[in-house]
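Subject: Structure for you to look at

Hello,

Please find the structure below, followed by notes on what was found in it. Keep it open while you read.

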Amino acid sequence: MSELRVRFAPSPTGYLHVGGARTALFNWLLAKKQGGTFILRIEDTDVERSTKESVDAILDGMKWLGLEWNEGPFFQSDYFPLYKEYVQKLLDAGKAYKCYCSAEVLDAKRELAMKEGRKPKYDGTCRERSDQPEGPYVIRFKAPRDGATSFDDLIKGTITFPNEELDDLIIQRTDGTPTYNFCVVIDDATMKITTVIRGDDHVNNTPRQVQLYEALGFPVPQFAHVPMILGSDKARLSKRHGATSVIAYRDMGYLPEALMNYLVRLGWSCGDDEIFSRAEMVQKFDIGSIGRSASVFDPDKLNWLNAHYIKSCDPERLAHLLLPHLSSREITTLGGPDLVAVVKTLQERAQTLEEMAERAVFYYNAPTSYDDAALAKFDSSHLLAVFAAVTAKLAAVDVPDVSPIDALFKVVCSENGWKMGQVGQPVRIALSGGTQAPGIAEIVVVLGGTETIRRIEKMQGYLSGK
RNA sequence: GUCCCCUUCGUCUAGCCCGGCCCAGGACACCGCCCUUUCACGGCGGCGACACCGGUUCAAAUCCGGUAGGGGACGCCA
């Protein structure tokens with residue numbers, strides 16, 4: 001184990017979204033690569049908005065992706081006494097003070113500042129006051145007013161903020177609970193986090209946190225701020241761009257390794273490589289190769305990766321993963337063709353498990369209607385002749401394998417002077433109802449001789465009834 | 001508005017630190033051709049970008065300055 005300690009610290013106010021998942025992934029990758037420790041911490045200091053459901057949803061998402069953590073989950077709500085202790089330390093050291101300004105007054109001042117084009121920040125009304133009036137108060141950190149605070153970001157380089165831009169932030173609310181910026185510092189310090197990898201939207205918080213580390217006498221960790229993920233319109237990714245929840249991608253039929261691969265390549269690269277197994281991404285990951293700019297989430301590329309992983313997936317596992325997508329269509333595989341065999345015929349032609357399930361339906365439910373437009377390309381005497389010839393041949397053989405069936409169709413063609421298209425397509429429609437399906441011999445083998453003949457006969461009946 | 005960050009094909013990106021190998025490479029998407037009993041897969045090819053303006057230099061995507069555009073933050077949310 002190396003000294004490296006990283007953490008993923010989501011707030012449980014919703015599910016695990018792709019942005020969070022990518023941040024978690026980068027943390028996990030670095031820990032794995034360096035043999036460090038990956039800690040999961042739930043930031044639930046906002047008791048109002050935090051829910052148990054969200055905690056579970058986040059944990060589910062991480063488990064599905066295989067982002068296993070070494071320590072935690074820790075809940076900030078369990079550490080309120082600890083935070084209090086440090087607030088008191090700051091108070092005792094004269095590095096924090098009580099502020100009696102009401103939220104209303106503060107809001108009004110903020111609004112006014114905005115309107116006048118000034119940066120809205122606390123004006124320091126209570127900073128030097130010595131009286132101790134009755135009434136509610138918050139506790140503010142007494143931030144340095146001159147100079148500048150800077151840090152070396154592993155991704156963005158040195159970032160410097162003039163201290164006059166930073167105001168005295170509230171570290172404890174009126175109700176006595178600590179605030180986020182304070183808790184993170186205490187937690188990251190006490191958990192001995194060495195590298196903080198988090199979203200870009202936190203860079204503005206970082207200088208305040210650095211000041212807090214220094215005031216508390218803690219070593220300042222390294223920071224790495226990863227750029228945001230945007231929607232196709234370049235606005236921050238949100239629900240209106242489509243699914244953002246990791247679990248939603250599972251439900252839409254994406255493989256976890258596909259999402260992982262997509263996410264790792266979003267904002268990070270290793271030469272021209274596109275496909276990364278877990279082991280490869282761990283081995284090749286390098287925090288310095290994370291790009292500095294935001295990236296747009298591209299569902300098309302995710303689809304491509306998913307198709308790739310479906311193609312190379314073990315059919316047994318795929319069949320297992322496909323089950324829920326089948327049952328949501330009220331399809332039972334009992335008494336029908338072997339699902340693994342079905343999956344093998346569909347692997348090359350599906351981008352998601354949902355799509356695969358849709359394409360698998362006909363194997364279990366014989367078509368109840370046919371693609372008449374496709375049928376209309378042949379006249380019915382031809383169709384009837386084809387079906388008669390095919391069933392005659394089929395009835396006489398076993399259907400053990402694809403190649404004899406292919407041969408059988410070739411014989412039917414040559415004996416009657418037909419082209420493959422004139423035979424295959426009608427049979428395909430009879431068996432699947434439509435024109436988009438696996439190879440005809442594959443279908444016949446999976447369905448079996450008896451069922452194949454039954455379906456062709458059904459089609460013959462349909463034709464003569466017209 | 002103020003501060004911080006960012007800017008290579010439609011998208012993800014390589015190259016940038018250590019200028020010439022880059023009239024910029026790969027991938028997704030798109031288009032075409034081939035394969036083919038359908039749909040796909042696959043193969044081959046095409047389209048397509050250094051935000052802009054100045055400067056430094058024999059030479060700039062790469063260095064410097066400015067401009068524009070985009071994003072983020074500005075909460076007793078995290």
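Glu330 is exposed, with a relative accessible area of 74%; here exposed means over 50%, buried means under 20%, and partly exposed is in between, using a 1.4 Å probe and protein chains only. Glu330 sits in the loop between α11 (315-327) and α12 (339-346). Helices (H or I, at least four residues) and strands (E, at least two) are DSSP runs, numbered from the N terminus. Glu330 is not a glycine, yet its phi is positive, at about 55 degrees.

Before going on, note that this is a predicted model, in which local features need pLDDT of at least 70, side-chain atom pairs count only at pLDDT 80 or more, and totals for chains, interfaces and linings use all residues. Residues are numbered from 1 along each chain as its sequence is written, chains are lettered from A and ligands numbered from 1 in the order in which they are written, and side-chain values use heavy atoms, with hydrogens and water left out.

Backbone points

Most residues other than glycine have a negative phi, and most peptide bonds are trans. Lys234 also has a positive phi, about 70 degrees, although it is not a glycine. Its place is the loop between β11 (229-230) and α7 (246-251). Lys234 counts as exposed because its relative accessibility is 61%. The peptide bond from Gly72 to Pro73 is cis, with omega near 5 degrees. Pro73 belongs to strand β3, which covers residues 71-75.

The chain as a whole

Chain A contains 19 helices and 12 strands. Its radius of gyration is 32 Å, well over the 23 Å that the globule rule gives for 466 residues, so chain A is more spread out than a compact globule. That radius is taken over C-alpha atoms, and the globule rule is 2.2 Å times the number of residues to the power 0.38. The C-alpha trace of chain A spans about 105 × 45 × 40 Å along its principal axes.

Chain A is divided into domain 1 (5-69 + 229-299), domain 2 (78-226), domain 3 (313-364) and domain 4 (372-464), with bounds that come from an automatic or database domain assignment. Taken over C-alpha atoms, the centres of domain 2 and domain 3 are separated by 54 Å.

Of the 466 residues of chain A, 50% count as buried. In chain A, 76% of the contacts with a separation of 6 or more are between residues 24 or more positions apart, where contact means heavy atoms within 4.5 Å.

Asn306 lies in helix α10 (residues 299-311), and it counts as buried because its relative accessibility is 0%.

Leu302 is found in helix α10 too. Leu302 is buried, with a relative accessible area of 0%. Leaving aside neighbours within four places in sequence, Leu302 is in contact with Tyr249, Tyr254, Ala258, Leu259, Tyr262 and Phe297. From C-alpha to C-alpha, Leu302 and Gln351 are 9.3 Å apart in space, and they are 49 residues apart in sequence.

Regards
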